[in-house]
Amino acid sequence: MRVIVVGAGVVGTLHAWHAVERGHEVVQIERETEARGASLRNFGQIWVSGRAGGEELETALRARELWEEIGARVPALGFRPNGSLTPVRGDLEHAVAEAAVARADAAARGYELLTPAEARALNPALRGEFGAALYCERDAAVEPRTAQLALRAELLKSPRYTFLPGREVRDVAGGNAVRDDHGDVHTGDVVVLCTGAWLTGLVRELAGPDLPVRRVRLQMMQTEPLGEPLTTSVADADSFRYYPAYRGPELDELNARQAQAETAAEHRMQLLMVQRADGGLTIGDTHEYEHPFAFDTTEEPYEHLTAVVESFLGRPLPRIRRRWAGVYAQCTDPARVVHRQRVRDGVWLVTGPGGRGMTCSPAIAETTANELGW
């Protein structure tokens, strides 16, 4: 079988990976020299902890297995099973963490509620004050800025894989073929469009105007090296408000009695933080849903995140090295892990994983491969 994959972000690259692994010929086409979208502008987290029970959690856990398997083969991916800690303060946040540990699927996630001493034994960099910490053993991380490059370097070892950068697909040329802006037509047995947040133009023509996917903008930052290991990923209790795993009476009580900080509420924020291979910290994030998106970054969210991080670390944050904004595609129905649609015979659109893209992409691509009979 010959598979044409359009898009070289993490979702497209993992589709190419599964196709090559199953013995098929793959041509992967990317409109940029390298992917420049949300696949690079994220935390690199394999984030199991906050996923909704059922299909979403099952997808994340399967993806976690696949990431570990791929990471063993591709060390440059930077896979590490670092887990995560969410420090909590006060009875209301503590109650949400206790409810999480009492979930029927808590063991599958690797949830534990730790004392401050136990949390600091696991992550000594957390010298700030907190009352307890929710630990998720199954969380992990990769290096987002280089993950696709590492995967592609491994794919290029196969004579069945071809990468064509700097080509924008302009048309589905009939049957299972696409025409790019060089005028070349690429023919295969199946075409998979993994176009990320590009939802206009050809995608709209193929999928129609009512595609149940929206674009979401975020702001993030990265510091200079911390100077010591941050041995786990770190979240704050605002992540309870954002992720579906924590919904319940305890979260309702938290929302009713303990308001978010004004800046966090205005920008729909949570803290997520991961240490990069060079020692720097990736920190975020905000969520903007209303179009048109702002074209500039706003300073108040960065100030808020800095204050939260410093309160956990008990020390000043290193100098900020870079700030950025990104846009990802998210299903309008939050219960859907991804939007997978046959837009023509032999042509499939796979998009909309939202903030789950880096976490779930290996399992999303595996499901596509299984459903299409690769």
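**A buried aspartate and its surroundings**

Modeller: D180 is buried, since its relative accessible area is 0%; buried means under 20% relative accessible area, exposed over 50%, and partly exposed in between, with a 1.4 Å probe and protein chains only. This is a predicted model, in which local features need pLDDT of at least 70 and side-chain atom pairs count only at pLDDT 80 or more, while totals for chains, interfaces and linings use all residues. Residues are numbered from 1 along each chain as its sequence is written, and side-chain values use heavy atoms, with hydrogens and water left out.

Colleague: Which side chain meets D180 in a salt bridge?

Modeller: R167 does, at 2.7 Å from N to O; a salt bridge is a side-chain nitrogen of Lys or Arg within 4 Å of a carboxyl oxygen of Asp or Glu. R167 lies in the loop between β8 (161–165) and β9 (169–172), and D180 in strand β10 (residues 177–180), so the pair ties together parts that are 13 residues apart in sequence. Helices (H or I, at least four residues) and strands (E, at least two) are DSSP runs, numbered from the N terminus.

Colleague: And R167, buried or exposed?

Modeller: R167 is buried, with a relative accessible area of 17%.

Colleague: How many salt bridges does a search of the whole structure find?

Modeller: The search finds 28. Among them, E25 and R2 meet through their side chains at 2.5 Å, N to O. E25 is in strand β2 and R2 in strand β1 (residues 2–6), so this pair ties together parts that are 23 residues apart in sequence. E25 is partly exposed at 36% relative accessibility, and R2 is partly exposed at 25%.

Colleague: What about R241 and D238?

Modeller: They form a salt bridge whose closest N and O atoms are 3.1 Å apart. R241 and D238 are 3 residues apart in helix α8 (residues 238–242), so about one helical turn separates them. R241 counts as partly exposed at 22% relative accessibility, whereas D238 counts as buried at 11%.

Colleague: Which residues are linked in a network of salt bridges?

Modeller: E21, R73, E154 and K157 are linked in such a network.

Colleague: Changing topic: where are the cis peptide bonds?

Modeller: One joins G284 and D285, with omega about 0 degrees, and another joins H291 and P292, with omega about -5 degrees. D285 is in the loop between β16 (281–284) and α11 (299–313), and P292 lies in the loop between β16 and α11.

Colleague: What is the phi of R268?

Modeller: R268 is not a glycine, yet its phi is positive, at about 50 degrees. Most residues other than glycine have a negative phi, and most peptide bonds are trans. R268 sits in the loop between α10 (262–266) and β15 (272–275) and is partly exposed, with a relative accessible area of 36%.

Colleague: Now the chain as a whole. How many helices and strands?

Modeller: The protein chain has 12 helices and 19 strands. Buried residues make up 58% of its 374 residues. Its C-alpha atoms fill a box of roughly 60 × 40 × 40 Å along the principal axes.

Colleague: How does its radius of gyration stand against that of a compact globule?

Modeller: The two agree: with 374 residues, a compact globule would have a radius of gyration near 21 Å, and the protein chain has 21 Å. The radius is taken over C-alpha atoms, and the globule rule is 2.2 Å times the number of residues to the power 0.38.
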